[in-house]
Amino acid sequence: MKDTSHHDERIAKMTFATVYPHYLTKVERKGRTKEELHQVIEWLTGYDEKQQHALIESKVTFESFFQQATLNPNAHLIKGLICGYRVEEITNPLTQQVRWLDKLVDELGKGKKMEKILRGS
């Protein structure tokens, strides 16, 4: 696998607040709701809607966002391609966690059933 250290550093410094509107636009454009997006984020991170809003307001980096998160024990079941990378093969833990979130949002936008997205939870 190619060296992605620059890419990993860029992801760590990116804020959740800058990416969240893109997630929301993507899912709403495909007929899904803000509530479903929040449900997916909560499943992965443990953050409820109020906490998600606070994290957006405080402009936390993805590094802080995932350091404080309580990851779902089934997160390792998230597999597949996102942004040209196979998520299960990403070696940097933070980059993998961000790509897990990207993958869940992508699945939501593609119309997958919620029970499939949430890996049977």
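Some ground rules. This is a predicted model: local features need pLDDT of at least 70, side-chain atom pairs count only at pLDDT 80 or more, and totals for chains, interfaces and linings use all residues. Residues are numbered from 1 along each chain as its sequence is written, and side-chain values use heavy atoms, with hydrogens and water left out.

Start with the whole protein. It has seven helices and two strands. Those are DSSP runs, numbered from the N terminus: helices are H or I with at least four residues, strands are E with at least two. From the N terminus on, the order is α-α-α-α-α-β-β-α-α.

What about overall dimensions? The C-alpha atoms fill a box of roughly 35 × 30 × 25 Å, taken along the principal axes. The radius of gyration is 14 Å, which agrees with the value near 14 Å for a compact globule of 121 residues. That radius is taken over C-alpha atoms, and the globule rule is 2.2 Å times the number of residues to the power 0.38.

Now burial. Of the 121 residues, 48% count as buried. Buried means under 20% relative accessible area, exposed means over 50%, and partly exposed is in between, with a 1.4 Å probe and protein chains only. Next, contacts, meaning heavy atoms within 4.5 Å. Take those between residues at least 6 apart in sequence: 68% of them join residues at least 24 apart.

Back to Thr15. Thr15 sits in the loop between H1 and H2. Is Thr15 buried or exposed? Thr15 counts as buried because its relative accessible area is 18%.

Lys59 lies in another loop, the one between H4 and H5. Lys59 is exposed, at 57% relative accessibility. Lys59 also has a positive phi of about 55°, although it is not a glycine.

On to helix H3, residues 34–45. H3 has twelve residues and reaches 16 Å from its first C-alpha to its last, close to the 16 Å expected at 1.5 Å a residue. The expected span is 1.5 Å times one less than the number of residues. Which residues of H3 are buried? They are Leu37, His38, Val40, Ile41, Trp43, Leu44 and Thr45. Here is a general point to keep in mind. An α-helix has 3.6 residues a turn, so residues three or four places apart point the same way. What covers the buried residues of H3 includes helices H2 (16–29), H4 (49–57), H5 (62–68), H6 (93–109) and H7 (114–117). Just after H3 comes Gly46, with a positive phi of about 85°.

Gln97 is in H6. Gln97 is buried, at 15% relative accessible area. Beyond four places in sequence, Gln97 is in contact with Leu44, Phe66 and Leu71. Leu44 is one of the buried residues of H3.

Further along H6 is Glu107. Glu107 counts as buried because its relative accessibility is 5%. Leaving aside neighbours within four places, Glu107 is in contact with Lys112, Ile117 and Arg119.

Asp102 is buried, at 13% relative accessible area. Not counting residues up to four places away, Asp102 touches Tyr23 and Ile82. Asp102 and Val19 are 83 residues apart along the chain, yet their C-alpha atoms are separated by 9.8 Å.

That brings us to the largest pocket. About 260 Å³ of space lies in it. Of the 16 residues that line it, the closest to its centre are Val19, Tyr23, Cys83, Arg99 and Asp102. The elements giving two or more residues to the lining are H1 (5–13), H2 and H6. Which one gives the largest share? H6 does, with five residues.

How is a pocket found? On a 1 Å grid over the protein atoms alone, a pocket is an open set of points where a 1.4 Å probe fits, with protein on both sides within 12 Å along at least five of seven lines; lining residues have an atom within 4 Å of a point. The volume is the space filled by probe spheres set on the points, and points are joined across faces, edges and corners.
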